[in-house]
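Hi there,

Here is the structure I promised to pass on. My notes on its aromatic rings follow below.

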Amino acid sequence: MEKNHTSELFTPYQLGPITLRNRTIRSAAFENMCPGNKPSQQLIDYHVSVAKGGVGMTTVAYCAVDRSGVSFDGQLYVHDEILPDLKRLTDAVHAEGAKVSIQLGHCGNMTHYYTCGNQIPVGASSGINLYSPTIVRGLKKEEIHTIARHFGEAVDFCRKAGFDCVEIHAGHGYLISQFISPYTNHRHDEYGGSFENRVRFMHECLDEVMKHAGNDMAVVVKTNMYDGFKRGIQVPEGIRVAQEIEKHHPHAIVLSGGFVSKAPMTVLGGAMPLKTLAYYMDMLKFWWLKLGLKIAGRIMIPTVPFKELYFMDTARLFRDALQTPCIYVGGIQSRDNCETILREGFPLMQMAHTLIIDPDFVNHMQADEHYHAGCGRSNYCVGRMYTLDMQCHHCVLKDHPEQIPDKLRKEITCLEAEASAK
């Protein structure tokens, strides 16, 4: 292991027009800290804490490019009312020496009539979203062009808010991914069928993004290496998608995988704490999901055995097929993990769970080359997401132990034991 003062991990990196102070990025894990779709002081405080903790750049999670793209009440969407609070956030993060990015996307069919502004949810194709449940309407061609323009206009909005970088979400089963994947794209026009047609919407969005990004905004794109199930994108086609993204010359590509509506644990690794998930769901809003979890929870959300750096084997294939710098994400727990990522040829890395359990993770790694975050991968932080803010159970037990009943503590302990035994 290299000594602290010589490690590439803590050296600057030029990401397009911006310079990161080191190679670490807080990935865009949903915070649920935006009640009423507006930034809260809690959101600002969290990202400032991560910046103080040493990351090179922190990423504000999922911001929809318009109202129709919102999937949770606690998410952001682009509108002028939130500009002042976002500017407070970016100024505060910059004061701590870190850069700040924001993830731009559109949830497509993964929302509900009331959540997305009292309108029928839209997607690549018409159908039913069983997770809401709600009817979904396939986008008309003119609407497709409008949403693509909104991606570009959102970049200008983010520049006004003081962001250094935008991350375009083209994975995880959100709208761009819904067009790309044959599982969700059943269209019979020029946006469906062949590979070239299925990536057409992505090209339109990225054309607009790069045009508006100009020479002063960094752009990274998150893509799926694979969807995580038989009827979705597999690795060979995932490589083709990444190569199509590369044609737009973004400054980096984030290599991820999984569909949050079909294979969520491919994204996260480990097991979903079903009792925790059901416990924190609002009965009036999510009664059908609570019932489904009770009847067939493990069938709906099967466990994916967790291992550190769980995307690495696949990410190597993409690294070798691309010229664009690739950002590694998935299962980072330690300084040793980070050094491995750099040796494998990935100049940057994203992490989320480690910065939820320990916002000072980067500083701790710099002080101790043997540091390990100790995340047990129970995914309690995800289990809270339907109604509460993102927090690790270790932090909740420390400050408000009464908030976690004994049955949830038992589930968390069992899941952590299973993860550590893999």
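Rings of Phe, Tyr and Trp (its six-membered ring) pair if their centres lie within 6.5 Å; planes under 30 degrees apart count as stacked, over 60 as edge-to-face and the rest as tilted. This is a predicted model, in which local features need pLDDT of at least 70 and side-chain atom pairs count only at pLDDT 80 or more, while totals for chains, interfaces and linings use all residues. Residues are numbered from 1 along each chain as its sequence is written, and side-chain values use heavy atoms, with hydrogens and water left out.

By the pairing rule there are 16 aromatic pairs. One of them joins Tyr-226 and Phe-311 edge-to-face, at 6.1 Å centre to centre and 75° between the planes. Tyr-226 sits in the loop between strand 11 (218-224) and helix 7 (235-246), and Phe-311 in the loop between helix 10 (283-300) and helix 11 (312-321), so this pair ties together parts 85 residues apart in sequence. (Helices, H or I of at least four residues, and strands, E of at least two, are DSSP runs numbered from the N terminus.) Phe-311 is buried, with 1% relative accessibility; buried means under 20% relative accessible area, exposed over 50%, and partly exposed in between (1.4 Å probe, protein chains only). Tyr-226 and Phe-311 also belong to one aromatic cluster with Phe-306 and Tyr-310.

Another edge-to-face pair is Tyr-279 with Tyr-280, at 5.0 Å and 80°. Here Tyr-279 is partly exposed at 40%, whereas Tyr-280 is buried at 8%.

Best wishes
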